[in-house]
Amino acid sequence: MRALRRAWIRLTGTLAWRFPAERRRLLLAFSRAEQGSALDMLAAVRSTQRRDLRLKYFRHAMDEWRHSGLFRRAASQQGVIDATESGRDEAGLLLEHGIVGGRTLFERMGELDFLAFVYVAESDAVEQFDVYRTNDLPDEHTRGVLPAILKDEAFHVSYSRQELLRTQDGDLPVERLAAVRRVRRNRIKEGWLRFSRDIGVVVGSVWLWALYALVVGPFRMVARLDKGGFQPASLDARPLLDQARSEA
Amino acid sequence: MPTYILGISALYHDAAATLLRDGVVVAASQEERFTRLKHDASLPVRAVDFCLEQAGIAIQDVDWLVFYEKPLRKFERILSTAVATFPRSWRTFPRQMHAWLGDKLWLRTKLVETFGVRPDRLMFCDHHRSHAASALLASPHANAAILVADGVGEWATTSLWRGGGDAPGLHPLGEVRWPHSLGLVYSAITAHLGFAVNEGEYKVMGMAAFGRPTLRDRFDRLATFDADGGFSLDLDYFSWHWHPTRSATSKLEALLGPPRLPGTPFAPPGSGLDVPDAVMRESQRHADIAASCQVWLEDALLHIARGAKARTGADTLCLAGGVALNAVANHRLAAEGPFAHLWVQPAAGDAGGSLGAALWAWHCVLGNPRQERPFHITLGPRLDRGHTIDLLSDLGFPFEEVGNPTQRATDDLLDGKVLGWVEGASEWGPRSLGHRSILADPRGSGTARRVNQRVKFRESFRPFAPAILPDALSHFDLAEAEEALARYMLTAVPTRDGLSAAAPAVVHVDGTARLQVVDQDAHPAFHDLLSSFGQATGLPMLLNTSFNLKGEPPVCGAVDALATFTRSGIDVVYLDGVRVERPPKRLYPTLGEP
């Protein structure tokens, strides 16, 4: 399974690192992921009941922020990041980041599963970057920063594993193992959901374009943009409370 | 039983929540302060939790939840525009439909599900009406003309109102409708100058001071102004109504020259930076575009304000909408405009819509009279001292509970240290006014560059604001009409001779400063610090900038403050009187590494 995963990372990585635009997109995605991770770790500093973990979570957050900056600088080496890309970047962070929806990753998962998540996510990241590094896939600049990032990620894996073994929430080792399995399962499920959503967006867009061409198009003849200038405010005859309750 | 009204703004940018108890603001905050995502637009779950906690109530106790927009009217605009711009809108249409059909169109259900409020307890206020209410009903003025200018709400982009009369009402006088928008022109120029829209507008304002309005006449081709203050744009220059990511067409590029690439060095003559002549010339061209756009916007606002005066006869003009955060334009309105008094809602952007929507429901829908009370901006969360001490111990930061933090902070400032200052409740609106601030001695010639480059890691041309005691007002040409604006850092005024030598860090290249006059009632601890610094130096003035790093919202709680402190070049942080020094490298081995 591990060999298969490494082969997959190598295959997709080879394609992604070949083209400058794709490289930039990948590096920006890494930067965004690290930034989101930093926010999740800070949220964990606020919420954890285990005060002994605060320092480690905080240091982890600082590392992730640093990595985010390193990846962003590496992306800028691949060409100018225009305002549109930055905008997409922010929108992506909003869409994908765990905090959106009002509850942080830590709050949704709880102490044990959060630690298991950190362990699993960091282990996956180490593996991915290691495949890139050993196969000399990235550009020269990114190759230069990967060792420092890998060193930090190795620390993240080691502390989360250690703390996972020590955690009081799962008294039995089997519970801790179950948490790791649960997190892995959820990651696969979330990956599948993301893929399905992307497919859904493509299919939906095709339908919407058809709708646009066939239904919206003909009305073009009667539609006009506003001509500008001060227009009188439209009067609403409904009682005030009815107006206030209405969405229109 | 008191009446609770919860105002909410969300789903475009700057989501926020405001809670009123019998018409009095109990708490208000932007969602970004909790999620740490600048301009976070998601439904403000955290901000609502905070407001309810402040009041000690549950959502079931809230009588009305008021959303700051009419979603169906906005959807109508989006659909109509897609039809009217067919086939150019082919890229925009699927994107917008995905967003609306998937989410925004079902807002009523979403509000009920997310917040647990009863459907019959929901109200919806028009976007510009929310802004207008936030401007008039939070101000000390019972009668005024109200001008709202932003990108766009449902249909309106600029609207004029008359406030007051026999009831605390808002009477619409007229509106300029989409796609004719002053705010979006400024945003298009922001993008043309290589900055992110909805984020870089302040940078354009700062950049403008380095330029001359040499292209001002070209901006006249962008719009035609009517005698009543209305305007219409030449839409051939713009594409925001049909393109998903670009605001302007090639015609604007032909008019103003090629756009500036993001990240291009900006070093016009006078910036003090050592760069090749070609970079200097190009920077000057960019600065001239910014200056021309700035003057054009000011002229446009003056024109509209004169129209407003003619139609209302009012002595006071209240402003809201994102455009009202343009401090340079506000000064010109005060200095050259027809109104004796100006008042700008400190959270003039969309966040302020939550306040306005709630105030509108209380006064205009439920018919409650106005009450005279000052508007304070300290409406956000406070630190918990016990929690702060525990946190500092756990994270290994060296700290000290100082007996006289004012004196100790003054000593630190006199030592040339840059301070992070967290005190009391956090501020409402985008400005840090001494509660979540970075402070420094303004007298050093290298301070501004140091704070920009080594503390906040942002562009070296960005100016800093002076926070002062009223005693230091003699250094500034503050017009009577803008006195209220200076309390909230909402006007940029000329400084008098000598200040640029005495406090160079807070005087911009054009000799102006975005002033904050600190009064004791609203900011007692910050006032004390300024007094102490003034006694030591003879100049009761500090450099005051928001406690954040580039691209992040101002800090809110202790964890955010420490995270920002650790990553910045701030020397010392005060957390409600607890003095904190930088953490040791043995605990954070990568500290200071690139």
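Reader: Which residues of α8(B) are buried?
Author: In this predicted model, B:Glu201, B:Lys203, B:Val204, B:Met205, B:Gly206, B:Met207 and B:Ala208 are buried in α8(B). Buried means 20 or more other C-beta atoms within 10 Å of the residue's own, with C-beta atoms placed from the backbone; 12 or fewer is exposed, and in between is partly exposed.
Reader: So what does that say about helix α8 of chain B?
Author: Helix α8 (residues 201-208) of chain B is largely enclosed by the rest of the structure, because 7 of its 8 residues are buried.
Reader: And what covers those buried residues of α8(B)?
Author: The cover includes α7 (182-192), α11 (277-312) and α12 (327-336) of chain B. Helices here are DSSP runs of H or I with at least four residues, strands are E runs of at least two, and both are numbered from the N terminus.
Reader: How are the numbers and letters assigned, and what confidence is needed?
Author: Residues count from 1 along each chain as its sequence is written, while chains are lettered from A and ligands numbered from 1 in the order in which they are written. As this is a predicted model, local features need pLDDT of at least 70 and side-chain atom pairs count only at pLDDT 80 or more, whereas totals for chains, interfaces and linings use all residues.
Reader: Switching topic: what order do the strands of the open sheet in chain B take?
Author: The order is β3-β2-β1-β4-β5 (chain B), 5 strands with mixed pairing. The edges are β3 (24-30) and β5 (122-124) of chain B, each pairing on one side only. Pairing takes at least two DSSP bridges between two strands.
Reader: How do β1 and β2 of chain B pair?
Author: Strand β1 (residues 4-9) and strand β2 (residues 16-21) of chain B run antiparallel, over 6 bridges. B:Gly7, for one, has B:Thr18 in β2(B) as its bridge partner.
Reader: How many residues does each chain put into the contact between B and A?
Author: Chain B gives 63 residues and chain A gives 58; a contact is two C-beta atoms, placed from the backbone, within 7 Å. On the chain B side, helix α3 (residues 71-84) has the largest share, 7 residues.
Reader: Last one: what fraction of chain B is buried?
Author: Buried residues are 60% of its 594 residues. The secondary structure of chain B comes to 20 helices and 22 strands.
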